[in-house]
Amino acid sequence: MAQYVFHPAATRGFADHGWLKSYQTFSFAGYYNPQRINFGALRVLNDDIVSGGGGFGEHPHDNMEIISIPLEGELKHRDSMENAAVIKPGEIQVMSAGTGIYHTEFNKDKNKAVKFLQIWLYPNKRNVQPRYNQINIDNNIKNVLHQILSPDPMDEGVWIHQDAWFHKGDITAGNTVAYQIKKEGNGVYVFVISGSLIVDDHQLDTRDGLGVWDTRNITITASTDAVVLLMDVPMEVDF
Amino acid sequence: MAVCTTPSILAVIQRLINNNPNWQCTGAATLKDVIQYFNQQPFDLVLLGSGLTEQEERALIAHVNQKTPLVKHYGGGSGLLNCEIMQALPV
């Protein structure tokens, strides 16, 4: 029987560093809530706003799969593997941090804020060779869940070291889409980027999250025009 | 004790932990260092970061787990560190 955990937007952790405002679904940095640690392999879901000209100076990461999805504005990335890129809405960036990588992330615009989701997943293998990739995922076809991430380098979207699949959909009001969880033992975390929708009788609004597991299928009906991100992840993680 | 074979990342982890006046962190970059330090003093917690081989990790876990809680550290920086320590140490 399907199980659910609901994370209303207003219950997220919040950090205000002036140049950075970060809404955190799961415990992160100074935000610690033992009831909000992870959803299976999904460990971090941060909804970040970086002011014009602001950004994260050089800092390290290791042993996490780090995904960035810009929502508004553009983000400049540089890393210790000599990757230098700008990511913008309609694109997705992935870093497999593995044995360790340093990077910086700055708002490309000096005046307007950049808004993006930063998502971390536990990897299914520690100490992998670090890697970086970004691709365009822009798709104008509405009422379809488009795959933007998977474990398979040959499949659609970016790939990561984890049995996880991400889908993004732009659903118009009144329409319903169905999603089948890709792997036995996975659950799916539904994050509403904008709008209102109903997931299996659960009402969700902008920036709400709903984790669903012990089922294979969910249905999503848009109450208003909505943009949704589905993160299909293993529920059991070998720490 | 924090274990990580990349000196610069280990230094970041140590600095972040030592910023908390209630915590004190010793850094170890090799399995040999871990065993040496364990022979010198007790630790409340071991954070196992990146870089050891699978064999070294198994040896470390076997050596440490009998004496001290061990947590695999993920992230290499400040994001998950506080939570990992708070979950592992008794209140």
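This is a predicted model: local features need pLDDT of at least 70, side-chain atom pairs count only at pLDDT 80 or more; totals for chains, interfaces and linings use all residues.
Residues are numbered from 1 along each chain as its sequence is written, while chains are lettered from A in the order in which they are written. Local features need pLDDT of at least 70 and side-chain atom pairs count only at pLDDT 80 or more, whereas totals for chains, interfaces and linings use all residues.

**View 1. The contact between chain A and chain B.** Chain A brings 21 residues to this contact and chain B brings 19 residues, two residues being in contact if their C-beta atoms, placed from the backbone, lie within 7 Å. On the side of chain A that touches chain B, the elements giving two or more residues are β4 (42-50) and β5 (55-61) of chain A, strands being DSSP runs of E with at least two residues, and helices runs of H or I with at least four, numbered from the N terminus. β5(A) gives the most to this side, with three residues.

**View 2. The two domains of chain A.** Chain A is divided into domain 1 (13-136) and domain 2 (145-234), with bounds that come from an automatic or database domain assignment. Their centres, taken over C-alpha atoms, are separated by 20 Å, and 21 residues of domain 1 of chain A are in contact with 18 residues of domain 2 of chain A.

**View 3. Helices α2 and α3 of chain B.** Helix α2 (residues 31-40) of chain B packs against helix α3 (residues 54-64) of chain B at an angle of about 10°, with their axes 10 Å apart; axes are lines fitted to C-alpha atoms, for helices over the stretch in contact, and angles run from 0 to 180 degrees between N-to-C directions. α2(B) is therefore roughly parallel to α3(B), a term for angles under 35 degrees.

Definitions and conventions: Angles under 35 degrees count as roughly parallel, over 145 as roughly antiparallel, 65 to 115 as roughly perpendicular and the rest as oblique.
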